[in-house]
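Please look over the sequence and the model together before reading on. The report below is meant to be read with both in view.

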Amino acid sequence: MRTQDLQFNDVPTNWALCFNNECKLRSHCLRHMAGDALPDDEMAAFVVTPRAGIDGECKMFHKINKVTVAVGFRGLFNKVRHEDYHEMVAELMKYLGGKTAYYRYFNGTYRLRPEQQEWIHQLFGRYGYTGLVEFNGFKEEYQFFESGNHGSFKA
């Protein structure tokens, strides 16, 4: 087992784990790293089958990559003019997937990936606000989802 900072509770639910120690890609694969993080007392898991890896290739390979995520945005609209506020919030709610998802991001339960942070900067720019986007905090996390997938990082 390699030394790692990935904790199993950071792994998304239903993320397929890999335990193939013969795989040539294992040292670069987040699925294998997540498998290494599985607690010793866990007796069952969602796994990648041996059929995924043939001839040194793996259809389930997911490169290890860390990204900086934003955690919460409680003060995001504090300096926005009243006449812009409702329309901007509505656009952001729609982009994030609705009211429930919006509040999960707002409170930091879901984390904003870099492309989501950039979209919010662009939203503010479209309304003439530059330099006003402030998130509650930032954290480095493993990237379990590809860019463009609007799945969320969970706290």
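## Overall form

This is a predicted model, and the protein chain in it has 4 helices and 6 strands. Followed along the sequence, these elements come in the pattern α-β-β-β-α-α-β-α-β-β. The radius of gyration of the protein chain is 19 Å, well over the 15 Å that the globule rule gives for 155 residues, so the chain is more spread out than a compact globule.

Along the principal axes, the C-alpha atoms of the protein chain fill a box of roughly 60 × 30 × 25 Å. Of the 155 residues, 40% count as buried.

## Aromatic rings

The model holds 12 aromatic pairs. In one of them, the rings of Phe-73 and Tyr-102 have centres 5.4 Å apart and planes at 70 degrees, and because planes over 60 degrees apart count as edge-to-face, this pair belongs to that class. The pair links distant parts of the chain, since Phe-73 lies in the loop between strand S3 (66-71) and helix H2 (82-96), while Tyr-102 lies in helix H3 (residues 99-107), 29 residues apart. Phe-73 has a relative accessibility of 0% and therefore counts as buried, and Tyr-102, with a relative accessible area of 3%, is buried too.

A further pair is made by Tyr-103 and Phe-106, whose ring centres are 5.8 Å apart and whose planes stand at 70 degrees, so that this pair is also edge-to-face. Both residues lie in helix H3, 3 residues apart, which is about one turn of the helix. Tyr-103 counts as partly exposed at 37% relative accessibility, whereas Phe-106 counts as buried at 17%. Taken together, ring pairs link Phe-73, Tyr-102, Tyr-103 and Phe-106 into a cluster.

## Charges over rings

Rolling a probe the size of a water molecule over the atoms shows where empty space is left. The second largest pocket has a volume of about 160 Å³, and 16 residues line it, of which Cys-18, Asn-20, Val-48, Thr-49 and Cys-58 lie nearest its centre. Which classes of residue make up the lining of this pocket? Sorted by class, the lining has 11 nonpolar, 3 polar and 2 charged residues.

Note on methods:
Residues are numbered from 1 along each chain as its sequence is written. This is a predicted model: local features need pLDDT of at least 70, side-chain atom pairs count only at pLDDT 80 or more; totals for chains, interfaces and linings use all residues. Side-chain values use heavy atoms; hydrogens and water are left out. On a 1 Å grid over the protein atoms alone, a cavity is a set of points where a 1.4 Å probe fits but cannot get out, and a pocket is an open set with protein on both sides within 12 Å along at least five of seven lines; lining residues have an atom within 4 Å of a point. Grid points are joined across faces, edges and corners, and a volume is the space filled by probe spheres set on the points. Ala, Val, Leu, Ile, Met, Phe, Trp, Tyr, Cys and Pro count as nonpolar, Asp, Glu, Lys and Arg as charged, and the others, Gly among them, as polar. Rings of Phe, Tyr and Trp (its six-membered ring) pair if their centres lie within 6.5 Å; planes under 30 degrees apart count as stacked, over 60 as edge-to-face and the rest as tilted. Helices (H or I, at least four residues) and strands (E, at least two) are DSSP runs, numbered from the N terminus. Buried means under 20% relative accessible area, exposed over 50%, partly exposed in between (1.4 Å probe, protein chains only). The radius of gyration is taken over C-alpha atoms; the globule rule is 2.2 Å times the number of residues to the power 0.38.
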